[in-house]
Amino acid sequence: MRFLVRLVMLFVLIWVALLVTGYGVLTSSASNVAGLGLQCHYLTARGVVTAQYLHSDSGIVGVTDCPLLRKSTEVVDN
């Protein structure tokens, strides 16, 4: 029982941190526009946010993979 309470408290602490900072955690990604675009979905405290990036395998132009964390445009203290 103590483990379950600690686990719930950990999830609440992470959720509050995401709410206050405005960051989101990567949940999924997919290529679009014939492989030139990269669509990344981030889980924030307020819901799921979608970001579009220019994609290239080399990383010279655009990104190769979605970043693990992303700052969302809506933050609680704004």
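Of the 78 residues in this protein chain, buried ones make up 21%. Keep in mind that you are looking at a predicted model.

Let's start with the overall layout. The chain has one helix and four strands, and reading along the sequence gives the pattern α-β-β-β-β. Its radius of gyration is 16 Å, well over the 12 Å that the globule rule gives for 78 residues, so the chain is more spread out than a compact globule. The C-alpha trace spans about 50 × 30 × 20 Å along its principal axes.

Here are some values for the whole chain:

| Property | Value |
|---|---|
| Distance between the centres of the positive and negative side chains | 18 Å |

As for contacts between residues at least 6 apart in sequence, 36% join residues at least 24 apart.

Now look inside. Which residues make up the largest nonpolar core? There are five: Leu-38, Cys-40, Tyr-42, Ala-51 and Cys-66. Strand β2, covering residues 37–44, gives the largest share of this core, with three residues. In soluble globular proteins, nonpolar side chains tend to be buried together.

Leaving aside residues up to four places away in sequence, Cys-40 touches Leu-26, Ser-28, Ser-29, Val-49, Thr-50, Ala-51, Tyr-53 and Cys-66. Among these partners, Ala-51 and Cys-66 also belong to the core.

Conventions. Residues numbered from 1 in each chain as written. Predicted model: local features only at pLDDT ≥ 70, side-chain atom pairs only at ≥ 80, totals over all residues. Heavy atoms only, no water. Core = buried A, V, L, I, M, F, W, Y, C linked by side-chain atoms within 4.5 Å. Buried < 20%, exposed > 50% of the residue type's maximum accessible area, 1.4 Å probe, protein only. Helix = DSSP H or I, 4+ residues; strand = E, 2+ residues; numbered from the N terminus. Contact = heavy atoms within 4.5 Å. Rg over C-alpha atoms; globule rule 2.2 N^0.38 Å. Lys, Arg positive; Asp, Glu negative; His and termini not counted. Charge placed at Lys NZ, Arg CZ, Asp CG, Glu CD.
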